[in-house]
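Notebook open, model loaded. I want to look up a few spots and jot down what I find.

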Amino acid sequence: MKRIQMFLAGAFIAVGSLYAQTPASEWKAGVAKLKETIQANPAQAAEEAGQMIKGKNKKNIELLVAIGEAYLEAGKIPEAQQYAALAKKANGKSADAAVLEGDIALKQKNAGLASQKYEEAIYFNPRCAAAYLKFADIYKMANSSLAIEKLNQLKALQPSNTGVDKKLAEIYYLKNDFSKAADAYSRFAMGPVATEEDLVKYAFALFLNHDFEKSLEVANMGLQKNPRHAAFNRLAMYNYTDLKRFDEAMKAADIFFNETDKADYSYLDYMYYGHLLEDLKKYDEAVIQYEKAVQLDPSNTNLYKNISAAYERKNDYKKAISAYRKYYASLDKEKQTPDLQFQFGRLYYGAGTQSDSLTITVEERKQALASADSVFQAIAVAAPDSYLGNFWRARANSALDPETTLGLAKPFYEEVATLLESKNDPRYNAALVECYSYLGYYYLLAIENPALKAEAKANKETSRDYWSKILAIDPANATAKRALDGIK
């Protein structure tokens, strides 16, 4: 009888300590099964978990923490706390147990307590990578510098830990430091631990850091694995466009807009496609893309400038002016600066001087040039130290008086010449030559004007002076030489 009792007792002990006698790989399989049972049959899960930690496994920190994590993953916080407490009881200085406590606190939205527990885990085990990474996750938005500092501490201890590089890349990407993000991605994104999303973000970081060649290389690598991937095709189009490889950009654009999977088009996609078409001088098609971009993001009124520029390039000044007016009207008053008003003047001037007589009547030309003169006058008043207002007033009035019979541009060219001569700066030589050319020609015509016969000699000298001033700036100027040869 005694032998039977001893046998039964031994059998009971053997069953109770089953998980202590089996390798970790087997109790890990038990935990994996437990994760499924927790939701389907909580009572059975509790019984199975209890059996797993009998005997020597009562102090198996790794197992206790694994069970706690399984419950936490299922949203069962009280049970997770129970196993965290058991792990702490088994070893009060367990880094893994402290990490579990931090995870529980985080689940309860107590970030302060969670970070404290992760710090505690690092204190218990300075090489506890999970604690560093989870700590960085808490602070990646609120205090990225602190998160980066913590990750660099781990990087110093574990230089080959790609998890550190991955987290650093994520944080730098979030804070728009694309140079450092690209550097961090470069250390793991081409390797086996990288996901497709990592490769996409690496390519984007390179693109946003203006490293178009490398970004294209990474994007093409992604396309080799997944030719229909929207983000890689998008980046191919962007990079080819910025690299001015327009034929390849058009092919990439065709694939991106017509053949990719699950493409969610953004205003930036249409804007880039518009840039590409504009570079290829397909202005009407470019405008269509810009308008699609505006529809997706009405707040991005800068796109009206792109639309205006496309129309200007095809000499459709009416539409160019209309689009620019939408852009200008969208700005706050303090942002409606003279340099932006200046573009209105240029567009009106372009309309008044365009060569296509079929698109604009003589009267419309005059009205456009008068509008240009009005804009440039306002700029001259607003910025008296700049020569540009009066310089373009001179041009507008010269266009209104193409035969130079009225001398409409004369007072403005004279004022500009006086201002630029006082600056004594070679940067203004081209503008001075234009001023002197007009004035030299004006006085040359005056020599032959019967109404100014009494002033002919003085006009001749004045004209000669202006042509001579041009030669002082540009000794090879053929027009000035011919004019001086013609003055007798």
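Predicted model: local features only at pLDDT ≥ 70, side-chain atom pairs only at ≥ 80, totals over all residues.

I started with Asp-247: buried or exposed? Its relative accessibility comes out at 60%, and the cut-off for exposed is over 50%, so Asp-247 counts as exposed.

Next I checked where Asp-247 sits, and it belongs to helix 16, which covers residues 246-258.

Then I went for the nonpolar cores. The largest one holds 124 residues. Which residues have the most contacts inside it? I get Tyr-185, Met-237, Ile-307, Phe-391 and Tyr-413. There is also a second, separate core of 26 residues, with Leu-34, Ala-45, Ala-97 and Ile-104 among them.

I followed up on Met-237.

Last entry: helix 13 (residues 196-208) against helix 14 (residues 212-225). I find their axes coming within 8 Å and crossing at roughly 160 degrees. Angles over 145 count as roughly antiparallel, so that is what helix 13 is to helix 14. The crossing is left-handed.

Who meets whom there? From helix 13 I noted Leu-199, Tyr-202, Ala-203, Leu-206 and Phe-207; on the helix 14 side they meet Phe-212, Lys-214, Ser-215, Val-218, Ala-219 and Gly-222. Sorted by class, I have 8 nonpolar, 2 polar and 1 charged residues in this contact.

Technical notes
Residues numbered from 1 in each chain as written. Heavy atoms only, no water. Helix = DSSP H or I, 4+ residues; strand = E, 2+ residues; numbered from the N terminus. Buried < 20%, exposed > 50% of the residue type's maximum accessible area, 1.4 Å probe, protein only. Core = buried A, V, L, I, M, F, W, Y, C linked by side-chain atoms within 4.5 Å. Axes fitted to C-alpha atoms, helices over the stretch in contact; angles between N-to-C directions. Parallel < 35°, antiparallel > 145°, perpendicular 65-115°, else oblique. Left-handed = near helix turned anticlockwise from the far one by under 90°. Contact = heavy atoms within 4.5 Å. Nonpolar A, V, L, I, M, F, W, Y, C, P; charged D, E, K, R; others polar.
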